[in-house]
Amino acid sequence: MKQVIWELKEHRQIAKNTYLMRLSGDTSSLVNPGQFVEVSLPGFYLRRPFSVCDYDEFGATLIYKVLGQGTKAMTRYEKGMKLDVLCGLGNGFDLSKSGQKPLLVGGGAGVPPLYRLCKELTNMGRQATVVLGFNTKEEVFFEQEFLALGAEVIVCTMDGSKGVKGLVTDACAFENHSYFYACGPLPMLKALCSLAKIPGEVSLEERMGCGFGACMGCAVMTKTGPQRVCKEGPVFHKEALVW
Amino acid sequence: MVNTQVSLCGIRLKNPVMAASGTFGFGQEFARLYDINCLGSFSFKGTTLHKRDGNPTPRIAETPCGMLNAVGLQNPGVEKVIEEELPGIAKIFNAPVMANVSGFSVSDYVWVCELLDQCEQVGWLEVNVSCPNVHGGGMSFGTQASSAAEVTREVKKVCKKPVIIKLSPNVTDIVEIAKACEGAGADGLSLINTLLGMRLNLKTRKPLLPFVTGGLSGPAVFPVALRMVYQVYKAVKIPVIGMGGVSSAEDVIEMMLAGATAVQVGSANLVNPYACRDIVKDLPRAMAEYNITSLEQIIGGAH
């Protein structure tokens, strides 16, 4: 973990209630896809956690969905703004377990961290299948970006306005894969874990106090007792979680 | 040269700044970021007789200038704290630590305090009779003078080390409870624990926290904490540790002027992991600005 100042370089809406920020600054504490950052928002007390969508040595990309007062305020942030960021939090995904044909499943605001994961898996020569779930076509984002990485992409919408109609679980052919990675709403993750006969890991979301393990605000129950989503997570093996 | 040293129940602290229980874990997360030996001390995570998994999530909510928490005393239990956490603390912190203790019965408090009292690293016992986030324990002991005094009296019987009672602000008259604890033998008082609050989710029209209520902390509560420290200092002879929204060296000085011998920093650690270190670093500057050469000399200076 490192406290850094990032400068907002690019900020645009990419789908309904969904925004992309490109920020420049020190990313040396990011070592694994699936890690997150805690951003201090002027006028708000607690930092806000965001998964990292992508990064390089010069900066990082965050994608956020407007869900409350904090993210609503963020939509007004302009280029050149400096943000106080706790960078490189959490453990991220375990790439070594992917097998040759990993399945990546993202739901809504859970899609962003899968992008970096997909990029690294593709660079390792893996053939990733990405299933992206949204409520409706206006919310769909990053379909083209995943395709550009060379992944097979399946888009699902609840209302059927784009791609497969229904839940991501309807579009997951687990039998064709040896391992899955997922990030999204809790009901989606629960359904995936109960349906999938293959091993996998899920990235959890929780309201956090600190984001670095001090406050016990974001505990999740596992087979070995409560663990911190921010510190031992946010990624947990399917088998470890007690739903 | 300015003198930041203070003495708390006979133990010298290099400065009055301590991290508050529940915001600093057992120190490990912070020791990775800076040398925590710069602190006067810290009060470790509230420890109970048996391990506790805590409350359902979400446990945290934003508020104007602060936050609510309903963690619910998640901790590994006193045995594990002594076996695993205290040896861990020994590697990162050289001075005595404050052992924060919570319970659900008087015998819980007595048992846990007796065990921790025997640990060499423990300098003080901070008996939390004010946790608002558990049912049937915690705060229910601290909201009545008679039960607060009973816990104090029984814990004092088994402890050789100074016993500090952590008081709840969720009472009509904190002075009455402070005096009752003093009368029962408390060596010091720490105040305030969090203020009981709540928030609603406008979409579901239900409480944001599944526990319904949570403890309010952060800069929002600083004036309330300061007022209570001021009132309690005036009414008792034992030292008072002030806490509640402290976020700067100036806040530390203000708390001390109101009557605090030492000052704990809580929620600030969560939003700025370097908060305690920054406050300690900044103290000499703030002292010079207000013509203070010795912090010990300003305790209760506002009275």
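1. Strand 6 (66–69), strand 14 (214–217) and strand 16 (260–265), which belong to chain B, each contribute at least two residues to the lining of the largest cavity. The model is a predicted one, and the points below should be read with that in mind.

2. When the whole structure is searched, one cavity of 30 Å³ or more is found, and the volume of the largest cavity is about 510 Å³. Its lining is made up of 35 residues, and those that lie nearest the centre of this cavity are Ser21(B), Gly22(B), Asn69(B), Asn193(B) and Thr194(B). Sorted by class, the lining of the largest cavity comprises 18 polar residues, 15 nonpolar residues and two charged ones.

3. The second largest pocket has a volume of about 660 Å³. It is lined by 24 residues, and those closest to the centre of the pocket are Pro226(A) from one chain and Gln74(B), Asn75(B), Pro76(B) and Glu85(B) from the other. Two or more residues of this lining are given by each of strand 14 (225–228) of chain A, helix 1 (28–31) of chain B and helix 2 of chain B, and the largest share, four residues, is that of strand 14 of chain A. By class, the lining of the second largest pocket holds 12 charged, eight polar and four nonpolar residues.

4. Helix 3 of chain B (residues 106–117) consists of 12 residues and spans 16 Å from its first C-alpha to its last, which is close to the 16 Å expected at 1.5 Å a residue. The buried residues in this helix are Val106(B), Asp108(B), Tyr109(B), Val110(B), Val112(B), Cys113(B), Leu116(B) and Asp117(B). Among the elements of chain B that cover these buried residues are helix 2 (78–92), helix 4 (139–142) and helix 5 (145–158), together with strand 7 (97–101) and strand 8 (122–128).

5. In chain A, Arg116(A) is placed in helix 2 (residues 112–123). Why does Arg116(A) count as buried? The relative accessible area of Arg116(A) is 14%, and buried means under 20%, so Arg116(A) falls in the buried class.

6. Once its neighbours within four places in sequence are set aside, Arg116(A) is in contact with Pro33(A), Cys53(A), Asp54(A) and Tyr55(A). With regard to Tyr55(A), its backbone oxygen lies 2.6 Å from a polar atom of the side chain of Arg116(A).

Conventions: Residues numbered from 1 in each chain as written. Chains lettered and ligands numbered in written order. Predicted model: local features only at pLDDT ≥ 70, side-chain atom pairs only at ≥ 80, totals over all residues. Heavy atoms only, no water. Buried < 20%, exposed > 50% of the residue type's maximum accessible area, 1.4 Å probe, protein only. Polar contact = N/O pair within 3.5 Å; in protein donor to acceptor, adjacent residues only side chain to side chain. Contact = heavy atoms within 4.5 Å. Expected span 1.5 Å × (residues − 1). 1 Å grid on protein atoms, 1.4 Å probe; cavity = no way out; pocket = protein on both sides within 12 Å on 5 of 7 lines; lining within 4 Å. Points joined across faces, edges and corners; volume = space filled by probe spheres on them. Nonpolar A, V, L, I, M, F, W, Y, C, P; charged D, E, K, R; others polar.
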